[in-house]
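Keep the structure open beside you as you read.

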Amino acid sequence: MELSDRTRIKDFIAGLLLNRDDRGAVEDSESLFVSGRLDSLSAVEVVAFLEETFGIDFSDVDFEIEKIDSIDHIAALIANPA
Amino acid sequence: MSQNPVQQLEQLLEQHPGVLRAAVHKSTDHKFVVQIIPNQDYLNRQLREDGEDRKRLKQWQTVYNWFEKGKSGISENTGLDTSIWNSSYTRKPIPREEMLEWRDLTVQQILSLNPVEVLEIGCGTGPLLLRIAPKTKRYVGIDFSASSLKSIPGQMEGLGGSWDMVSLEERAADSISEFREDSFDTVVMNSVIQCFPSLEYFKRVLGQIIRITKPCGSVFIGDVRNYALSPAFALSVELYRAAPSMSVSELRKLVQKRLLTEREFVASPAFFLALRQHYPEIAGVKILPKLGQFNNELNNFRYDVILQLATTKNNLTNPFWYDWSTQESVQQQLFDGKPEILALSRVPNSRVEKDVAAFAFLAKCPDSTTVDEFRAELGKYPTIGVHPRTLLTLGATLGYQVSFSWASSRPDGSHEVIFCREKNTDIIWQEPDTLSGELSRYVSDPSGVTSRLNLARQLQEYIQGKLVPNELRVDITFVETLSGECN
């Protein structure tokens, strides 16, 4: 189960990077947003993806972008949404 | 009767409620390529059920808050966070001096409306507010991002002086109905509507704006991306990024994809003219191209709109329109004839003419052409366009006021230009020959795009593990007619 979720996330992130002509490899621990590799528009896509696919609730105002800043972070968030 | 996998997959897809028709073929590398005619009723139903508009806005809001929190690129109390405005071409921040020009010209436009009581929807970190508010009696700034608003008080303090006229509120654009009727003479919405999820949302907001704006007031809608130039813009970005060895057929695909997956609300100037058919309160519409000097997507592909809720007291001038010929002949006409007014139609626009020509050329270019060859061919195209700044300078030299309009909404991006001796002459500008009341013709459809992308995702999961091996991505595109079939 864990593996499959992670694959979907990786797939999605790879798609976003590809949209930006970024064909470089992405490590699971690598920063995506804080590093500037992805921008705010991509962040909207990630939020939409996580809401729709995994039912994550982003309405909590204290939510930090760091929580979705890498594939590792996103996988952890899905495993433990609270 | 045995079926091959392609037919089986087609059948399976057509059993999904979101699919009207499906066509599957195998590509040369044995991947499935799927074309879908979506079931429009299904998509619409999903949009309604999901409250897609609301959801999309919440997502933007979340992200705006993130990006404004912590890292802030606001410099010297300008209200401009230059770290968040990236060029579509380079994906790097647009240079600060270009953003300052953009801000200053916008401030000038708004001040020309003589604002006294202002509502700014989406004031962000305050680039306009900090400049305009001191010249008004009352300035209400609202934004859906609390983090953005938080940066404003500190900047006001840094700038000094009295800011008693300013009040700030965290609010979305469509929750302004609590303001009293006729509260404001000027409502400003700059670089905001591109985040709107749909035409319906825009209409809801505009309805509320009109109610709270005084009958003599104006609505300034700034920094609108020009839908009439969307194809030229999409190509210009993709061409900039493309590797020289890429084939033109690949480039075409990228451009198509960019156009089909447009997630921002983009509007043709004709849209704002057509609004008059739905909102009788709108008496006048001005479509103002950007007049900055820098060569960037803001100047080249965006414009400002002023909706006037009452006609001006001045009589409107209805000039005789000359078709543009050459800059020399215009110079001659102004210099020799010294007319009170000279109105020029179809003035070719040097800022976009190459991009427009490139898009036309792309359609007829053989598939095997490389991007390198395509660029070389384009380089040979004769250019006849004139830069708005050139005409501004010409007018200033000969003692004329020069004004521009994009109201004709031509897909070649040409302008109408007036040289006039007198200041503040109100002109009846040229408009498209016909204007449809069907507003959706003139705008992009972000929520429609969202629902199609959602359906694509649903279909991926629907077929995976059934006929398609796990983790294999299928290439799904949405079409109006299946290829190989006639209409």
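In chain B, three strands make up an open sheet with mixed pairing, in the order S1-S2-S14. This is a predicted model, so please read everything below as a description of that prediction. At the edges of the sheet lie strand S1 (19–26) and strand S14 (475–478) of chain B, each of which pairs on one side only. Ignoring direction, neighbouring strands here are turned by 20° against each other on average.

Look next at how S1(B) is joined to strand S2 (residues 32–38) of chain B: the two run antiparallel and share seven bridges. To find your place in this pairing, look for B:Lys26, which stands opposite B:Phe32 in S2(B). Two helices that pack on this sheet are worth a look. Helix H1 (residues 5–14) of chain B touches S1 and S2 of chain B, and its direction makes about 160° with that of S1(B). H16(B) also packs on the sheet, where it touches S1, S2 and S14 of chain B; the direction of H16(B) makes about 145° with that of S14(B).

Now move on to another sheet of chain B. Here seven strands form an open sheet, again with mixed pairing, and their order is S5-S4-S3-S6-S7-S9-S8. The edge positions belong to strand S5 (166–170) and strand S8 (284–289) of chain B, and each of these pairs on one side only.

One facing pair to pick out is B:Ile121, which stands opposite B:Ile142 in S4(B). Helix H7 (residues 199–212) of chain B packs on the sheet and touches S3, strand S6 (184–190), strand S7 (213–225) and strand S9 (302–308) of chain B. The direction of H7 makes about 145° with that of S7(B).

What else links S3 and S4 of chain B? Side chains of opposite charge can pair when their charged atoms come close. B:Arg138 forms a salt bridge with B:Glu117, with the closest N and O atoms 3.3 Å apart. This pair links distant parts of the chain, since B:Arg138 belongs to strand S4 (residues 138–143) and B:Glu117 to strand S3 (residues 117–121) of chain B, 21 residues apart. Over all chains, the structure holds 27 salt bridges.

Finally, turn to the place where the two chains meet. The contact takes 27 residues from chain A and 21 residues from chain B. Between them, about 2,200 Å² is buried, and carbon and sulfur atoms give 50% of that area. How many salt bridges are counted between chain B and chain A? The count is one, and it is formed by B:Arg263 with A:Glu45, whose closest N and O atoms are 2.9 Å apart. Across this interface there are also two residue pairs in polar contact, both at pLDDT 80 or more.

On the side of chain B that touches chain A, the elements giving two or more residues are helix H3 (52–68) and helix H16 (446–463) of chain B. H3(B) gives the most, with nine residues. By type, the residues on this side divide into 13 charged, four polar and four nonpolar.

Notes
Residues are numbered from 1 along each chain as its sequence is written. Chains are lettered from A and ligands numbered from 1 in the order in which they are written. This is a predicted model: local features need pLDDT of at least 70, side-chain atom pairs count only at pLDDT 80 or more; totals for chains, interfaces and linings use all residues. Side-chain values use heavy atoms; hydrogens and water are left out. Contact means heavy atoms within 4.5 Å. Buried area is the accessible area (1.4 Å probe) that two parts lose on being put together, summed over both. A salt bridge is a side-chain nitrogen of Lys or Arg within 4 Å of a carboxyl oxygen of Asp or Glu. A polar contact is a pair of N or O atoms within 3.5 Å; within protein, one must be able to donate a hydrogen and the other to accept it, and residues adjacent in sequence count only if both atoms are side-chain atoms. Helices (H or I, at least four residues) and strands (E, at least two) are DSSP runs, numbered from the N terminus. Ala, Val, Leu, Ile, Met, Phe, Trp, Tyr, Cys and Pro count as nonpolar, Asp, Glu, Lys and Arg as charged, and the others, Gly among them, as polar. Two strands pair if DSSP finds at least two bridges between them. Axes are lines fitted to C-alpha atoms, for helices over the stretch in contact, and angles run from 0 to 180 degrees between N-to-C directions.
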